[in-house]
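The sequence and coordinates come next.

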Amino acid sequence: MIEIRFHGRGGQGAVTSAELTALAAIEEGKFAQAFPSFGPERRGAPVMAFVRVSDKQIRTREKVYNPGIVVVLDPSLLKIVNVEAGLGADGLVVLNTKLSAAEVRKQTGLKARLALVDAATIAMEEMRVPITNTTMLGALLKATDFMPVEALRAPIEKRFGPIAAKNIKACMRAYQETIVEG
Amino acid sequence: MSKRVGMEVSIAAAEVVGMTNVDVIAAYPITPQTHIVEHLSELVADGQLDAEFVPVESEHSAMSTCVGSSAAGARTFTSTSSQGYALMSEICYIAAALRLPIVMAVANRAISGPINIWNDHADMMMSRDTGWVQTVAENGQEVIDLLLHAFRVAEDHRVLLPTIVNLDGFTLSHMIEPMFLPEQAEVDRYLPPYVPKLRLDPAKPITMGPVGMPDVYTEARKAQDEALKASKPVILEAWKEFADQFGRQYHPVETYQTEGAEHLLLTMGSISETAMTAVDAMRAAGKKVGLARIRLWRPFPADELLAAVRGAKTLSVIDRAPAFSGGCGPVCCEVKSMLFDGGCSPYVWNYLAGLGGRDVTVEDFADMVAKTSACADRGEPMGYEFLNARE
């Protein structure tokens, strides 16, 4: 079973990221759960959302304590949230940043394996909005292989309707541009 | 054929209620139930569901409207949680006494104070004695299955009682997961059109809800008790037919690895899935542990529960709400009463766990079994505790 934690700020689409991941996995015939950190949400405040994906029925309602993958939609969160909390030794952080891996480590002290993408630039160029949720999903699926990136196409189309094409383009571009540490 | 979909459980619940050809929905939004009635109002507004959606100004009015519409012969649905449920509870008693087959989804949530919007079973326990049939879901699939079952049972002329499907707030209501959503034709096959036995009709006037003077009140209450008890064979029959049609069989008490188990956990609701994972781990470690889960909360399935726990040395009963200063939590009180009547005396320890949204983990279940077993071995008096409460 894969457990993923998304970090974002209220309004950036972290919850939507989690939902789209689960919906795509379910469409692929897998089992999945997606849920927010339950409670009141405020625009701009740090938020988390969670996904479990498995080939077998998922029989737990625990919170996610030890994700294998963490996706950070907003690099400013690194200063105020320990995004590596509970992350195992072989964990992966998928990060929206303009910096190199060396520079990220120097500035933040992150220890986990990194996958980096300039999602903010991609989102602005492709969609003219600084919302990185669908873009970061492209990065997530470049850095992992639990399902093909194409699986996201249908749920994004269903969710975003007329603006789905732009989201898919941003997602696919991030898939191409993400740099994954070995 | 049912279609496998990924969907938020609340949305799936609303979709299935929409497929029942419901006539009237009267509701007031309250967290964490809101998405259910919000989606139903969308279906009505978009013309996909031909029903009357009454956006009332309070839950008291929601249930009052439901009573009126059901009495007039309309298939009626509402949904609530916690404080809203408390506000509507006055009318909930009346709905049951009038034998009105209203169906309600309750997204279970703690009762304030302190103010808390998260999941536990305080609202379910608060309304234990309103006289409604009550079932409890453990996952999204069960929510939609039990909702269909609820209409079928409530409207059966041998029952005619309002019926609740309890689903854990947030833990289930806000979860996206895979479910098999039935097709319209399947719903139509399982759920016949509602035919009221009696209804308010100006052409044939009847009285509903008169005063019950001291000379009839006892008999009226006894009749309600008998009606609720008599609903059980119909509940079982409707589950059997559900299994025949959809392939999923439900029981008043569900068991997991109870065969040869010396130590049993007893749960209700979505934590049962976590408990099953914990039982798997304990069994793998050679411990004789099993799990019994209450699916049918009202009418209380004493016989089935007794059969499920008979033979166990210890019983760890999990309550999701306190019964302040009572001998134990509300579920455990019922369990102990049932054990006493059944002449069965395992060692029982009661855990008040998962209150106001606190997580109950696989590890917690292992700890509970270990502690109950140790207390039994030491011969300590039976009792209860607030699990993991800081001193």
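Predicted model: local features only at pLDDT ≥ 70, side-chain atom pairs only at ≥ 80, totals over all residues.

Residues are numbered from 1 along each chain as its sequence is written, chains are lettered from A and ligands numbered from 1 in the order in which they are written, and side-chain values use heavy atoms, with hydrogens and water left out.

Two packed helices are described by the angle between their axes and the distance between the axes. Axes here are lines fitted to C-alpha atoms, for helices over the stretch in contact, and angles run from 0 to 180 degrees between N-to-C directions. Helices (H or I, at least four residues) and strands (E, at least two) are DSSP runs, numbered from the N terminus.

| Helix pair | Angle | Axis distance |
|---|---|---|
| α3(A) (residues 119-127) and α6(A) (residues 164-177) | about 145 degrees | 9 Å |
| α5(A) (residues 153-160) and α6(A) | about 145 degrees | 8 Å |

The crossing of α3(A) with α6(A) is right-handed; a crossing is left-handed if the near helix is turned anticlockwise from the far one by less than a right angle, and right-handed if clockwise. From α3(A), A:Ile122, A:Glu125, A:Glu126 and A:Met127 are in contact (heavy atoms within 4.5 Å) with residues of α6(A), including A:Lys166, A:Lys169 and A:Arg173. The residues of this contact comprise four nonpolar, one polar and six charged. Ala, Val, Leu, Ile, Met, Phe, Trp, Tyr, Cys and Pro count as nonpolar, Asp, Glu, Lys and Arg as charged, and the others, Gly among them, as polar.

α5(A) also passes α6(A) in a right-handed crossing. Here A:Arg153, A:Ile156, A:Glu157 and A:Phe160 of α5(A) meet A:Ala164, A:Asn167, A:Ile168, A:Cys171 and A:Met172 of α6(A). The contact of α5(A) with α6(A) has six nonpolar residues, one polar and two charged.

**Contact of the chains**

Chain B places 30 residues in contact with 23 residues of chain A. The two chains bury about 2000 Å² between them, 54% of it on carbon and sulfur atoms; buried area is the accessible area (1.4 Å probe) that two parts lose on being put together, summed over both. On the chain B side, B:Arg4, B:Ile176 and B:Asp359 lose the most area to chain A, together 29% of what that side buries.

**Helices and residues of chain B**

The twelve residues of α2(B) (residues 34-45) should span 16 Å at 1.5 Å a residue, and the end C-alpha atoms are 16 Å apart, which agrees. The expected span is 1.5 Å times one less than the number of residues. Among the buried residues of α2(B) are B:Ile36, B:Leu40 and B:Val44, where buried means under 20% relative accessible area, exposed over 50%, and partly exposed in between (1.4 Å probe, protein chains only). B:Gly47, which follows α2(B), has a positive phi near 80 degrees.

B:Ser10, in helix α1 of chain B, is buried with a relative accessible area of 0%. Not counting residues up to four places away in sequence, B:Ser10 touches B:His35, B:Ile36 and B:Ser173.

B:Leu352 belongs to strand β14 (residues 347-352) of chain B and is buried at 3% relative accessibility.
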